[in-house]
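Dear colleague,

I am passing on a structure to you, together with some notes on what turned up in it. Please look through it before you read on.

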Amino acid sequence: MHEMSVTENMLDVVLRHAARNGADRVTRINLVLGEFSTVMEASVQFYFDIISKDTVAEGAELNFRKTKLIASCSDCGSEFEVVEYDFTCPSCKGSETEIISGREFQVESIEIK
Amino acid sequence: MEIEVLEGVFDANEIIAKENRALIEDGGLFMMNLMASPGAGKTSFIMRTIKGLEGKVSVAVIEGDIAGKVDSERIAGAGVPTIQINTGGSCHLEAKQVNTALNRMDLSGVELVIVENVGNLVCPAEFKLGEDLKVMILSVAEGDDKPLKYPLMFSESHVLIVNKIDLIPHTDFDMERLEETVRKMNPHVEIFKLSCRTGEGIECWIDWLEKRIREKQ
Ligand SMILES: Nc1nc2c(ncn2[C@@H]2O[C@H](COP(=O)(O)OP(=O)(O)OP(=O)(O)O)[C@@H](O)[C@H]2O)c(=O)[nH]1
Ligand SMILES: [Mg+2]
Ligand SMILES: [Zn+2]
């Protein structure tokens with residue numbers, strides 16, 4: 001699936017920041033992955049192990065922090081967790097909602113030596 | 001030492017998607033990203049759309065396929081400019097490939113660019129191409145339970161085309177249940193029910209699309 005190209009992009013981000021900070025090794029990569037993202041943790045790990053070979057990130061530990069799907073209601077302003085993909089606001093039954101988190105795949109930080 | 005990064009993995013794609021938007025805006029174009037599972041009827045739908053817009057809106061097509069050029073030959077046969085992108089195994093189109101295609105095509109006189117994404121209900125939803133409109137097709141044969149299995153695609157599409165309605169009598173497809181589920185996920189989605197085989201329902205879609213294109217112009 002698309003985790004191959006997604007993992008390449010993730011590694012690009014990591015290597016760019018590692019180089020900018022003069023890292024010899026990247027020991028840990030802290031990732032934020034929303035539960036609404038289609039990206040599969042296990043596949044990212046699988047491809048990472050292959051494509052990070054011979055880079056400063058080889059052997060780095062991938063640490064995933066999962067975020068829940070949270071939306072905010074444009075009508076009443078309340079924030080709520082979206083359950084079973086029902087985006088209707090539980091407070092006012094409004095349908096104008098915006099995703100605040102749960103869709104992202106982000107490199108939050110890297111740990112380097 | 002911990003270094004703060006806070007960079008989205010899809011950011012690189014989104015930067016190129018923004019470049020595509022600029023190309024589309026500068027060219028006075030309207031771009032539609034068409035997504036669906038393999039065999040849902042993407043190419044048939046494009047052929048119907050080209051025919052329906054004949055004499056009204058001039059169309060060009062970008063064909064994304066893992067391999068082969070069967071679909072682009074079908075479309076070129078309809079007399080519209082077509083460019084084929086073979087993704088070589090990748091299951092979705094990325095903004096960069098569409099950027100290359102847009103730059104290679106002669107778009108003078110063109111008003112609508114249709115992108116046929118790779119047949120897949122998962123991955124294409126993550127990659128913005130710089131489109132004006134995300135259109136997805138669900139064919140009746142796939143069943144009405146798909147929204148909860150592929151929520152990102154259903155919640156991000158502006159338009160849902162339910163294709164192959166000619167097959168409904170032969171299935172247990174429940175249109176009401178489908179609409180109810182999709183509307184909860186995506187309250188503003190436009191739903192068109194049609195058959196690319198019989199032509200039923202196509203006119204309604206063509207009128208709506210032409211209006212959207214004119215509004216932008
Ligand atoms: N019964 C019926 N068959 C249809 C309809 N639309 C398309 N088909 C058939 O479905 C099959 C697939 O159609 P395509 O248009 O090639 O589908 P696609 O999504 O472009 O397929 P890929 O590009 O291979 O993923 C073909 O045999 C079409 O004739 C329809 O409305 N009803
Ligand atoms: Mg096709
Ligand atoms: Zn509300």
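The notes below take up a metal site and then one alanine.

This is a predicted model, in which local features need pLDDT of at least 70 and side-chain atom pairs count only at pLDDT 80 or more, while totals for chains, interfaces and linings use all residues. Residues are numbered from 1 along each chain as its sequence is written, chains are lettered from A and ligands numbered from 1 in the order in which they are written, and side-chain values use heavy atoms, with hydrogens and water left out.

The zinc ion (ligand 3) is held at 2.3 to 2.4 Å by the SG atoms of Cys73(A), Cys76(A), Cys89(A) and Cys92(A), where donors are N, O and S atoms within 2.8 Å of the metal (3.2 Å for Na, K and Ca). The angles among these four donor atoms run from 105 to 116°, and the site is tetrahedral, a label given to four donors if all angles lie between 85 and 135 degrees. Because Cys73(A) lies in strand β3 (residues 70–73) and Cys92(A) in the loop between β4 (79–81) and β5 (97–101) of chain A, the pair ties together parts that are 19 residues apart in sequence; strands are DSSP runs (E, at least two residues) and helices likewise (H or I, at least four), numbered from the N terminus.

Cys73(A) is buried at 3% relative accessibility, whereas Cys92(A), at 34%, is partly exposed (buried means under 20% relative accessible area, exposed over 50%, partly exposed in between, with a 1.4 Å probe and protein chains only).

Ala18(A), in helix α1 (residues 3–20) of chain A, is buried at 1%. The C-alpha atoms of Ala18(A) and Val56(A) are 7.9 Å apart, although 38 residues separate them along the chain.

Best wishes

How values were computed:
Tetrahedral: all angles 85-135°; square planar, octahedral: opposite > 155°, others 65-115°.
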